[in-house]
Amino acid sequence: MGLFRIVLLFSLCSLISRAFSHETVNAHNNHILPRPLILKYPDNLIETQLNQLNEEVKLQCTTWRFAVEANNLNPWKTIPRECLEYVRDYMMGRGYGLDLERVSNEAGVYAKSVELRGDGKDAWIFDIDETLLSNLPYYQEHGYGLEIFDPVEFDKWVEKAMSPAIEASLKLYEEVLGLGFKIFLLTGRSEKQRSITVDNLINAGVRYWDKLILRSSDDHGKLAIIYKSEKRNEMVQEGYRILGNSGDQWSDLLGSPMPSRSFKLPNPMYYIP
């Protein structure tokens, strides 16, 4: 993230340089004698420069988030320190909610366009964390991804079974369920968290599924993209057609076999390979 710091330093140097230039020009024009250096900034110069600096940071963080969502920046461990306020405002503001609704609506349009075969083998996969359930209350206390991920602390949060539903995804889940898709929930959570995950899902409004797949002891240590690819392959071997897949990580969606359509939910807080 050194580029961010260079941009900030350049902007601050520019502010100071312009202030000195203004002072020098006034001195020459008025033919005044040398005097102690007292910087007198033109009206609104500091405010204008700070606004420009803030806009530059916002723009840089916007391009960073775009690179994250397009999977052009992998792997990364934390959000840039300069983007803490930007990510916080995005996650807590209308932007995140509107993006979630856009993904859900587009997935719903696709789901309704699919002609199911009626043999019970048409499946839709949902990830859980940041897809059906939100861990935003946890990340509010941990810098919106500014802190290095702590699996022990996160597991403590999971054990509370307090993750609220992501409403846009809950709507899609209900639509897909109503259309007759088989619902597979495929998560990176551990098998030992099954009962607490079931309780959390039910309390959040996700009350029915055909399979809930969690990491067994044999799956621990595998990259998410490998683990989830293996589980999708097992579904295909059982005769299921994976027509849709919803997840917040590219590792939820990439790999083989590929579903007919995949839908990426926004998540600028963390990256799982």
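Colleague: By class, how many nonpolar, polar and charged residues does the lining of the largest pocket have?
Modeller: This is a predicted model, in which local features need pLDDT of at least 70 and side-chain atom pairs count only at pLDDT 80 or more, while totals for chains, interfaces and linings use all residues. Residues are numbered from 1 along each chain as its sequence is written, and side-chain values use heavy atoms, with hydrogens and water left out. Ala, Val, Leu, Ile, Met, Phe, Trp, Tyr, Cys and Pro count as nonpolar, Asp, Glu, Lys and Arg as charged, and the others, Gly among them, as polar. On that basis the lining has 13 nonpolar, 8 polar and 11 charged residues.

Colleague: What is the volume of the largest pocket?
Modeller: A pocket is an open set of points on a 1 Å grid over the protein atoms alone, where a 1.4 Å probe fits, with protein on both sides within 12 Å along at least five of seven lines; lining residues have an atom within 4 Å of a point. Grid points are joined across faces, edges and corners, and the volume is the space filled by probe spheres set on the points. For the largest pocket this gives about 890 Å³.

Colleague: Which lining residues are the closest to the centre of the largest pocket?
Modeller: Helix H6 (151-159), E2, H9 and helix H10 (250-253) each supply at least two lining residues; helices (H or I, at least four residues) and strands (E, at least two) are DSSP runs, numbered from the N terminus. Of the 32 lining residues, the closest to the centre are Phe149, Phe154, Gly188, Tyr270 and Ile272.

Colleague: Which strands stand at the edges of the open sheet of 5 strands?
Modeller: The order is E3-E2-E1-E4-E5, with parallel pairing, where two strands pair if DSSP finds at least two bridges between them. Each edge strand has a single partner, so one side of each is left without a neighbour in the sheet. The edge strands are E3 (211-215) and E5 (261-264).

Colleague: Is E3 largely enclosed by the rest of the structure or largely open?
Modeller: Buried means under 20% relative accessible area, exposed over 50%, and partly exposed in between (1.4 Å probe, protein chains only). Because 4 of its 5 residues are buried, E3 is largely enclosed.

Colleague: Does asparagine 245 count as buried or exposed?
Modeller: Asparagine 245 lies in strand E4. Beyond its neighbours within four places in sequence, its contacts (heavy atoms within 4.5 Å) include Trp124, Arg232 and Phe263. At 2% relative accessibility, asparagine 245 counts as buried.
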